[in-house]
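User: Hey, I'm new to this one. Can you walk me through it?
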Amino acid sequence: MRWGLIGASRIAERVCASMRGIEGQELVGVYSRSAERGRDFAAAQGVAQSCTDLNALFAQARPDAVYISSTNELHAPQTLAALDAGCHVLCEKPLAINLDDAARMVRHAALRKRVLATNHHLRGSLAHQRLRELLAEGAIGRVHGVQLSHAVSLPRQLHGWRLNQPDAGGGVVLDILVHDVDLLRFVLGTEPQTIHTVAQHNGLTQAGLEDGAMSIVAFEGGVLAQLHESFVAAHTLTRLDLLGTEGTLNCMQSLTVSGTPVITLRDARGEHAIPVEQVDLHAQTVRAFVSACAGHGAPLASGVDGLRSVAVALAGLASASSGCGQAISYPA
Ligand code: NDP
């Protein structure tokens with residue numbers, strides 16, 4: 001796969017490292033708004049060329065696919081341009097910052113017959129895949145509750161547009177809640193129906209952007225999920241608890257790429273550790289995407305999955321500002 005990179009971002013450095021580890025992946029060009037940043041990125045990441053004109057990336061580097069990791073407000077126009085140039089698109093989350101754009105991206109990918117995927121990388125975790133299997137096997141009976149804590153201390157180097165640019169889709173809800181909602185859709189296999197969110201300002205974000213949020217999401221089938229996302233939680237571990245009528249599953253440290261996931265099953269027979277291997281989550285996303293582009297299987301998270309997590313996040317933000325729960329609706 002000939003890859004074009006759109007955005008010389010920090011996450012692209014990580015994803016490029018994953019791509020380089022997968023046979024057959026060629027980094028043929030990077031687009032950046034800054035010529036200097038693009039040049040530096042290309043040199044550091046082994047990318048063949050850099051440019052400041054998106055059309056030049058398509059025309060000169062001739063990528064089969066692009067990985068888009070610009071700030072969030074650019075995901076939609078850049079995806080549409082890449083699809084028009086005949087590229088498959090792996091786009092960072094949130095897929096877009098409004099539902100009209102997200103729906104347009106999904107429709108355009110179908111029209112152009114290209115794969116559109118969203119980098120909801122947590123689906124690639126073997127811990128999360130195991131949890132999904134255990135639920136399907138009935139290991140804890142009927143699931144009725146979920147508690148998820150994805151509270152982190154946002155590293156200093158990630159301060160910037162996430163904290164001070166509402167127009168770029170900053171704030172913890174569009175940044176982290178989208179991942180959590182996608183993960184629960186994946187693990188539970190059901191869709192969120194309503195969301196109640198209370199947002200918090202701890203002084204890290206500028207006015208108008210939240211740096212903490214707690215939500216209650218009701219899923220089809222009656223599962224209630226409690227979600228906590230934060231940028232200001234020091235020295236804590238992420239956790240995911242799945243509560244069933246016959247037992248519970250607890251998964252620690254699976255929500256950050258640096259964590260080592262630990263799963264514990266508690267049921268009538270006692271407490272059991274479930275072994276789980278740690279893998280490179282971005283490599284998992286890239287592998288599935290490359291296969292899907294070759295006509296084998298589906299990406300880990302599709303454009304529709306990206307649209308759905310954005311729909312829930314936007315309903316959460318609407319709930320936080322109105323003080324009322326919101327029904328979640330998905331564009332056709
Ligand atoms: P960065 O702030 O590192 O980069 C975002 C964009 O800003 C880049 O594409 C680049 O655009 C520009 N940029 C980069 N460095 C600078 C700089 N020093 N000064 C000015 N502009 C700069 O963002 P992230 O890597 O944190 O996030 C990028 C996207 O990836 C977001 O959509 C985010 O939500 C997503 N993300 C996803 C993760 C995941 O695990 N799935 C993890 C982290 C982020 P250009 O080169 O065109 O100017």
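This is a predicted model: local features need pLDDT of at least 70, side-chain atom pairs count only at pLDDT 80 or more; totals for chains, interfaces and linings use all residues.

User: How is the chain split into domains?
Analyst: The domain assignment gives domain 1 as 2-121 + 285-301, and domain 2 as 125-279 + 310-327. Their C-alpha centres lie 26 Å apart.

User: And how many residues of each domain are in contact with the other?
Analyst: On the domain 1 side there are 16 residues, and they contact 16 residues of domain 2. Between them the two domains bury about 1400 Å², and 62% of that is on carbon and sulfur atoms.

User: Ok, what does H5 pack with?
Analyst: Helix H5 (residues 99-112) pairs with helix H10 (residues 303-322); their axes come within 9 Å and cross at roughly 175°. That makes H5 roughly antiparallel to H10. From H5, Leu99, Ala102, Ala103 and Val106 take part, and they meet Gly303, Val304, Leu307, Val310, Ala311 and Leu314 of H10. By type, the contact has 9 nonpolar residues, 1 polar and no charged.

User: I was looking at Ser309. Where does that sit, and is it buried or exposed?
Analyst: Ser309 is in helix H10. With 0% relative accessibility, it counts as buried. Leaving out residues up to four places away in sequence, Ser309 touches His120, Val178, Val181 and Asp182.

User: Why is H4 largely enclosed?
Analyst: Because 7 of the 10 residues of H4 (residues 75-84) are buried. Those are His75, Ala76, Gln78, Thr79, Leu80, Ala82 and Leu83. Just after H4 comes Gly86, with a positive phi of about 90°.

User: Which residues have a positive phi although they're not glycines?
Analyst: His235 is one of them, at about 50°, and Gln253 is another, at about 60°. As a rule, most residues other than glycine have a negative phi.

User: Where are those two, and how exposed are they?
Analyst: His235 is in the loop between strand S10 (224-230) and strand S11 (239-244). Its relative accessible area is 85%, so His235 is exposed. Gln253 is in the loop between S12 and strand S13 (262-267), and at 24% Gln253 is partly exposed.

User: Last one: what does Met252 touch?
Analyst: Met252 is in strand S12 (residues 247-252). It touches Leu237, Thr238, Arg239, Thr260, Pro261 and Val262, not counting residues up to four places away in sequence. Thr238 is 14 residues from Met252 in sequence, and their C-alpha atoms are 6.0 Å apart. Met252 has a relative accessible area of 18%, which is under 20%, so it is buried.

Conventions: Residues are numbered from 1 along each chain as its sequence is written. Side-chain values use heavy atoms; hydrogens and water are left out. Axes are lines fitted to C-alpha atoms, for helices over the stretch in contact, and angles run from 0 to 180 degrees between N-to-C directions. Helices (H or I, at least four residues) and strands (E, at least two) are DSSP runs, numbered from the N terminus. Angles under 35 degrees count as roughly parallel, over 145 as roughly antiparallel, 65 to 115 as roughly perpendicular and the rest as oblique. Contact means heavy atoms within 4.5 Å. Ala, Val, Leu, Ile, Met, Phe, Trp, Tyr, Cys and Pro count as nonpolar, Asp, Glu, Lys and Arg as charged, and the others, Gly among them, as polar. Buried means under 20% relative accessible area, exposed over 50%, partly exposed in between (1.4 Å probe, protein chains only). Domain bounds come from an automatic or database domain assignment. Buried area is the accessible area (1.4 Å probe) that two parts lose on being put together, summed over both.
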